[in-house]
Amino acid sequence: MPYTKGKVYSYEDFINDNRKRVNGFLNIVLWVCILVGPSVAFGKKIGLFTMAQYTSAIVISVFMLVVAVFHTFLARKYPYSIKVGILALVFLDSLLFTMNYNHISISLLWFSVPILSIMFCDRKIYWFALVFNYATMALSTLVTASFYARSSSAYTDPVKYFFNHMWGVTYEASIFMLAGFLLGRHTITHYRELVQRNNEVVEQIKETTEKMNILDSMAEIYDRVNLLNFTTNTEMSLRDKTRTERGIDLDYQTHSLLNQELQQTVVPDQQEKFIEFTNLSTLRSRLANKKMITGEFIDIVNGWFRAQYIAVDRAPDGIPNIVIYTITSIDEEKRREEDLIRISMTDELTRLYNRRSYDEDVASYNGKMIPSNLVIFSADVNGLKEVNDSLGHAAGDELIKGAAECFVSSIGSRGTVYRMGGDEFQAIVFSDHPDLIMNEIKQRTGNWKGKTVQKLAVSVGYATAEDVENPTITAIERIADKRMYEEKRGYYQREGIDRRCDSGRK
């Protein structure tokens with residue numbers, strides 16, 4: 001896989017991509033080697049290569065031109081091939097053999113070929129280049145031994161020249177072999193570390209980018225989003241495109257700039273709670289080993305809002321180093337919640353509070369002293385079954401709603417009326433004159449007329465805390481129910497109605 005910036009890059013990927021680069025570099029070397037011919041000719045002219053021939057220079061240049069063209073074709077067709085690289089090293093050894101055969105000897109050049117092979121970062125290629133290079137030097141020395149033995153007064157026997165020369169070559173080759181091995185090992189180790197560091201950096205960048213994308217997304221979701229960095233003691237608004245960091249001095253600053261602003265509009269009775277929740281000096285300990293902490297408050301201007309601290313980076317001991325602080329308006333949510341509560345606590349037909357609401361209100365008095373002016377009214381609509389059977393349930397609903405209107409109008413702000421279900425009503429009232437309220441209920445229900453039903457009769461009973469020796473809400477309620485049923489029996493007797501035919505329950 002070719003190297004791509006910003007992506008994880010394995011060492012194998014690096015070696016593969018490196019082959020293409022080295023093959024390209026060796027191809028350039030081969031093209032440059034065409035200049036060896038003209039260099040040899042120039043050297044002969046100035047007396048440097050006295051035994052060389054001009055024809056040899058031409059042969060070398062032509063040979064290298066053919067080699068360079070052929071290698072260019074292979075390098076383009078097989079850019080990642082090891083064989084293409086090895087072939088370039090063989091061509092370079094062949095050039096040195098040709099030069100030595102033509103009595104153009106530069107010993108140092110021989111050792112440059114194994115050194116070039118180190119660029120592949122492959123020990124097998126290095127050892128091949130080393131062995132092949134040494135074998136080529138030995139063959140070149142063997143082929144030219146007779147010539148140099150005759151040309152030197154020190155040698156009369158080509159065999160002696162060969163072994164003497166190869167001893168020196170072997171010694172030098174051993175030194176270069178060791179140097180090349182150490183250089184190659186260091187190079188491989190170095191590149192492995194570089195690849196590893198590159199991948200670590202790429203992963204860090206990727207992780208940071210993902211975090212920033214998440215933070216950007218959060219900035220779109222929440223009304224206000226701030227990044228609190230306790231490592232650098234800075235605060236930064238993520239909604240601010242400039243991403244300006246502002247310092248936080250925890251030695252004397254207990255609240256961020258955002259919270260200093262919000263404190264001005266939080267309702268007075270929540271000020272203390274808000275200040276405690278947003279205190280920076282205790283925030284990290286409160287967030288220790290927690291994902292988030294949340295508080296809900298009321299803004300004088302904008303209504304309910306939710307403040308949330310989210311830990312995104314922690315120290316090994318679980319204490320957060322980086323925290324996201326978000327502000328979200330939940331006023332509409334709270335209104336919906338209040339509507340749902342209201343719906344669950346009210347009767348759909350009459351819009352009065354229902355039995356559930358009554359039970360909760362009554363339960364609040366358990367274990368407490370009952371106020372002396374507390375009164376419980378118990379009421380029942382008379383003749384509901386007869387209306388339902390003769391005029392239909394719509395008429396019965398009209399009768400119930402009429403009764404509810406009369407109760408609410410009579411009690412007013414002095415208490416709360418509840419529809420307990422069917423034709424039953426209950427009321428909790430605070431009054432020193434419950435008899436007056438009772439008379440008003442009777443008067444209103446007696447004067448009521450509906451569109452379908454022309455008459456409304458109710459049975460009502462009430463009891464006060466003074467009616468019970470040790471008043472409890474349950475005891476007062478029981479007496480009120482008893483008095484209501486007594487009045488109901490009297491009503492049925494006066495009207496001559498058989499109660500078995502009118503149970504009074506819808």
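Begin by selecting Tyr491 and Tyr492, both of which are buried, a word used here for under 20% relative accessible area, while exposed stands for over 50% and partly exposed for what lies in between (1.4 Å probe, protein chains only). The model in your viewer is predicted, and for that reason local features need a pLDDT of at least 70 and side-chain atom pairs count only at pLDDT 80 or more, whereas totals for chains, interfaces and linings use all residues. Residues are numbered from 1 along each chain as its sequence is written, and side-chain values use heavy atoms, with hydrogens and water left out.

**Aromatic rings**

A pair of aromatic rings is described by the distance of the centres and the angle of the planes. Rings of Phe, Tyr and Trp (its six-membered ring) are taken as a pair if their centres lie within 6.5 Å, and the pair is called stacked if the planes are under 30 degrees apart, edge-to-face if they are over 60 degrees apart, and tilted for the rest. The structure holds 18 such aromatic pairs. Select Phe14 and Tyr191 for one of them, a tilted pair with 4.9 Å from centre to centre and 35 degrees between the planes. This pair links distant parts of the chain, since Phe14 belongs to helix α1 (residues 11-32) and Tyr191 to helix α7 (residues 158-221), 177 residues apart; helices (H or I, at least four residues) and strands (E, at least two) are DSSP runs, numbered from the N terminus. Phe14 counts as buried because its relative accessibility is 13%, and Tyr191 is partly exposed because its relative accessible area is 30%. Now return to Tyr491 and Tyr492, whose rings form an edge-to-face pair, 5.6 Å from centre to centre and with 70 degrees between the planes.

Next, select Phe274, Phe277, Phe297, Phe305, Tyr309 and Tyr325 together, as these residues form one aromatic cluster. Lys44 is placed over the face of Tyr54, at 5.8 Å from the ring centre.

**Around Thr72**

Move on to Thr72, a residue of helix α3 (residues 54-77), which counts as buried because its relative accessibility is 12%. Which residues does Thr72 touch, not counting those up to four places away in sequence? They are Asn27 and Trp31, where contact means heavy atoms within 4.5 Å. The side chains of Thr72 and Trp31 are also joined by a polar contact of 2.8 Å, that is, a pair of N or O atoms within 3.5 Å, of which, within protein, one must be able to donate a hydrogen and the other to accept it, and residues adjacent in sequence count only if both atoms are side-chain atoms.

Select strand β6 (residues 320-329), which is mostly covered, with eight of its 10 residues buried. Strand β1 (residues 224-229) pairs with β6 in the antiparallel sense over six bridges, two strands being paired if DSSP finds at least two bridges between them. Across this pairing, Asn226 has Tyr325 in β6 as its bridge partner, and Tyr325 is also one of the residues of the aromatic cluster. Strand β5 (residues 303-314) runs antiparallel to β6 and is joined to β6 by nine bridges, with Ile324 in β6 as the bridge partner of Ile310. The hairpin of β5 and β6 has five residues between the strands, and there Gly318 takes a positive phi near 90 degrees.

Then select strand β9 (residues 424-430), which is also mostly covered, with five of its seven residues buried. Strand β7 (residues 374-381) pairs with β9 in the antiparallel sense over seven bridges, and Asp380 has Glu424 in β9 as its bridge partner. Strand β8 (residues 415-421) pairs with β9 in the antiparallel sense over six bridges, and Thr416 stands opposite Ile428 in β9. In the hairpin of β8 and β9, which has two residues between the strands, Gly422 takes a positive phi near 60 degrees.

**Two loop residues**

Most residues other than glycine have a negative phi. Select Asn233, which is not a glycine and yet has a positive phi of about 55 degrees; Asn233 is found in the loop between β1 and β2 (234-237). Finish at Arg351, likewise not a glycine, with a positive phi of about 65 degrees, in the loop between α11 (331-345) and α12 (355-363). Is Arg351 buried or exposed? Arg351 counts as exposed because its relative accessibility is 61%.

Conventions:
Lys NZ or Arg CZ within 6 Å of the ring centre and 35° of its normal.
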